[in-house]
Structures are given as C-alpha cells and as structure tokens.
Amino acid sequence: MLNFQDKVVYQIYPRSFCDSNGDGIGDLNGITSKLDYLASLGVDYLWLTPFFRSPQRDNGYDVADYCSVDPVFGTMEDAERLLREADQRGIGLMLDMVFNHTSTQHVWFQRALAGDKTYQDYYLFRDGAPDAPPTNWQSKFGGSAWEYVPKLKKWYLHLFDVTQADLNWENPAVREELKQVIRFWQGKGVKGFRFDVVNLISKPETMTDDLQGDGRRMYTDGRHVHQFLQELTRDTGMDSMLTVGEMSSTTLEQCIRYSNPDRRELSMVFNFHHLKIDYKNGDKWAMQSPDIGQLRQLFDVWQTGMQQGNGWNAVFWCNHDQPRIVSRLGDDRQYWQESAKMLALCIHFMRGTPYIYQGEELGMTNAYFEDIGQYRDVESLNYHRILTAQGRTEQEVRTLLQARSRDNSRTPMQWDESPTAGFTDGTPWIPLPQYKPEANVQAQAQAPASILSFYKRLICLRKEYPLIARGDIRFLCPDAQDVIAYCRGLDGKKLFVYCNFSAREKRVPCPGNVHFLIGSYEQPPQMTADEIVLRPYEGCAMMV
Ligand code: TEU
Ligand code: CA
C-alpha cells in the first residue's frame, strides 16, 4: 500500500461549492472553474461527495446509478474535463462510493420490487407480517430500519433513509457489481475513493433483536467486513490509490485492522469519537458543553494507539455531516480568527492525513437558521418531526437544530461579499448563514494574516518538514484544563504543539530552548525558561 503521509485532502460538497449555470445548485463545471483556487491552497486530492444519478433524497447518498452523472451536476463530459484539468494542476480526484446501500430508484431495487428473485438477493429482504418488522433495529435517520413492501409481503432493511436500501454483501454477485463500479472510475483516471459507512456492510447471518440498543452492535464492523475489503482491494488493484473508509461507531482495534498496510484493506480511516464530546450520553439530539478533557483523552488513545498498531488516521474536524468547528469548539464571535487557526493547527500537526472541508479554510460558521423552513437535510427534517412529537418546544428544537443540523456545513461556499457570496447568479438551494464574519475568499486571499493564508502555511509546512508528515506522537500536559498539547518527533528533531481551547489564559511548562514555528496569533506567546503563557484560543507550534 502507498503512504499518503505528506498529502492533504480537500472535501467538496458539489451542491454547495460553485454554481456555473445559475440554477442555484453547485455543479461540476463550477468546481472546474475553481481549480486554480484549490491549486493555490496547495491541496493534493479533492474528495467529491456523490454526484451520481440520484433522486437526491439524501443529497446524492442515495445512488440510482454509480456510473453516471446526475444532470443537476452536469454530464459525463464535464466530469472528464474536471478530471483532466485537475490532473494538469497535479490534483487527484477521489470519488465517494456509497456501497452500503443504493437508492430504491436503482434498477437493481426496481427489479427486486418487480419480483425478480435474483435482484431481491441483492438486498436484505425478509418475510414477515406487516405489523412485525424482522428486528427492532433503528434507522440512523430515525424510526424503524425496516420497511414493508405489501406487494412482496416482505420487509427490506435500510439503516439510513427508507429510500436507501442496504445491499447484501454476502451475495458474491453484489460484490462483483461493485468492483465493476470501481474499475469504471479507475478507467476515467480517478485517483482515490472514499467509502461511505463501509464498516456497516457485513450483516449477521441471522438478524435478531438488539435488546441493549438500536441494533448497531450487531452489524458494525461485522463478521466479514475485513474479508470483503481485502477482496475489493485485491480484485481492483486499489492498493495503489488513496482509499479512506468512513467508520461509524467503530473501535481502535478495528481501525488498526482496516488501515494497517500489511493487511491491504484501506489507506486510512475516519472515526467520529472526537466529534461526540458535546453529545449528552452519546445522543446527538441531547446537548452538553464540549468536554475538552475527554477530547484530549480520545486524541491520545487514538493517535498513540494507531501509531502502535501501524494504522493510519484521516484527521479532520469538519465534513458535510458535521456542524462547523469554529462555531462548535471555537468562539466564532470574539476570537473567530484565533480559534479557527488554533483548531486548524491542532488537527494538521497530528499524526495522520488532514482533510479540509470546503469553507473551513475561511473560518465559515454555523448557519444559525431561525426558521425550520430554511433547513433542507432529510435528517434535520425527520428529527424536527420526531423531537416535536416527543413534546419538545419549538424553541428547544430550534436550538438543537442550530447546534446539530447537517445543514450547518451545507450552506454555500463563500467566494465574495455579495448577497449570494459569489456561489450563484440565481437563488441558492439553501440560504447563506444568518451570521457572517469575513469568511470569504475575496476578503482573505491576499491578506497574510487571514485564516485562509494560515491554512496555506500549514499545508506548506507539511511538505517542508518530514517530521510533520512522518514523526511519532506523544501527548503532553494531561492535567492542563482545556489545553491539548503534544510532541512530534523524528530523527532527533522535535515539534511541540499547544492549543488553548478556552477564552482564559493558560500556563504550560516550557519544554526547553524552543523556537516559534507558527501560531494563531502573529506574535509568539510570552515564554520564560519554565513557562509558556497561552492567550485565549491560542494555538502555537515550537521546534527544537
Ligand atoms: O454518513 C454516515 C453517518 O452515519 C453519519 O455521519 C450521519 O450523517 C450522522 O450519524 C447522522 O447523525 C454517511 C454520509 O456521510 C452521510 O452524508 C449520508 O447521509 C450517510 O452516510 C448515508 O449514506
Ligand atoms: Ca448548477
């Protein structure tokens, strides 16, 4: 397997990136028009979330045809041109393979519905009475994970939306079809893949009620998942590409297995444990203030654990499912720039391949929508209904969605200061954030102290110092409240990173005769022989 330690990936949500034809929806030609911007940022790969033909019930994660382009995003020629033009700039494209499920509009599912037994075996259909779902498993988007088809007198499994039917990976014909999809895009010159919820693909032989939870422990990191991934990688020659798996509710041991190069499964993995530190009792729809002590602990366990097991992390704060990090763990008002830079530094200097989600490099904030009518996401709309039915007040639901909705990350990319942020000449499919600091490219591109310039420097430093790409990691200051500190090391060189996650001044021990490399304030922090004084939301890196 190849290493991708000195690479940086930029994630694009095409629908919200740049609209080239004024219909209010971002598209492939829009992305092509911004390649110079992406090249100037210095990123190596672009991960594009799904643009395949889809009814767009879950914005493309409900795929109806894996080898086509949805007309909303353009044509196959547009995709080919984007690939070519990216390649000319030394940028590789990674596509998003949603292989746990297909849209119910997919021809396979349509044939299954029409009674074709061969295609019924592509999915997880089970017999049963109309009032008794086969198990008590819950969909990740709320409600039962089973849907009854009266005509067939059968239920089908959908771990996500009712229009996203889970595929039956135990069926070798399904695995062959999916390999063909990989080969199709390899043939077009794609350089990598992201695999959606790929640790959920292997379900138990007999599916039974989960008496302790929502069912996830019965299919997460399931019995044949490693075997299936090894087979997929081997049969498509995917081990020369960048591959990343999205791992839902996984464990460290499993992630070592997925990403240890000797096992030839994936180049790296996403896990989400560090993004649940503000979930009360693990419940996304129950709030608590972020627990930085727990965050520090989780990073320590995962970073040192993956190092010991020779696994490799994708390191990230943001994606199209997560609220904006500067609003979540920073202070997007008083310390907007300082906290956005501190968070960037904290993640980019860890051991792993950093991912930047569009707009993160500008310090884009949450949407702060006031009105339920402004939300678009199927999960947000489902939960609006569910939480209201549970008797929560309108105000409570509004506050929860403002903090948790996936639409927080899906507002249009902000290119300039105009009312539609330079995203479209038409009406954007989703409103812009209701609060807007100077989080746009026009304001930041030429400003040396901007958040954008800071991200560019972080990317350059990774290329310049093998220590950042390849060094080992050790966590420091376990008892410093609201501080995350670590040390990277390679060939006798050391890099110390200190991040203050609070608006209060923090003091940490000085590790010796260090020099300042980069920080979220232009001037180095105040330092004595024994102490470093961190300003509010200060992040800084020092070297010896
Ligand atoms: O997400 C998987 C997933 O479980 C979450 O990130 C999910 O959005 C969250 O738990 C909801 O609270 C992936 C994709 O990233 C997401 O956009 C898709 O909706 C989902 O799979 C289904 O394909
Ligand atoms: Ca468009």
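Residues are numbered from 1 along each chain as its sequence is written, while chains are lettered from A and ligands numbered from 1 in the order in which they are written. In this predicted model, local features need pLDDT of at least 70, side-chain atom pairs count only at pLDDT 80 or more, and totals for chains, interfaces and linings use all residues; side-chain values use heavy atoms, with hydrogens and water left out.

Let's begin with the domains. The assignment, which is automatic or from a database, gives the protein chain domain 1 (9–100 + 173–374 + 409–458), domain 2 (107–165) and domain 3 (473–543). Between the C-alpha centres of domain 2 and domain 3 there are 53 Å.

Now, where is ligand 1? Domain 1 and domain 2 both give residues to the shell around ligand 1, so the ligand lies between them. That shell holds 16 residues (each with a heavy atom within 4 Å of the ligand), and the closest are Asp58, Asp196, Asp321, Glu379 and Arg406. Sorted by class, the shell has nine charged residues (Asp, Glu, Lys and Arg), four nonpolar ones (Ala, Val, Leu, Ile, Met, Phe, Trp, Tyr, Cys and Pro) and three polar ones (the others, Gly among them).

Next, look at polar contacts, which are pairs of N or O atoms within 3.5 Å. Oxygen atoms of ligand 1 lie 2.8 Å from a side-chain N or O atom of Asp196, 2.9 Å from a polar side-chain atom of Lys284 and 3.2 Å from a side-chain N or O atom of Arg194. The protein covers 89% of the 490 Å² of accessible area that ligand 1 has on its own (Shrake-Rupley method, 1.4 Å probe).

Notes: A polar contact is a pair of N or O atoms within 3.5 Å; within protein, one must be able to donate a hydrogen and the other to accept it, and residues adjacent in sequence count only if both atoms are side-chain atoms.
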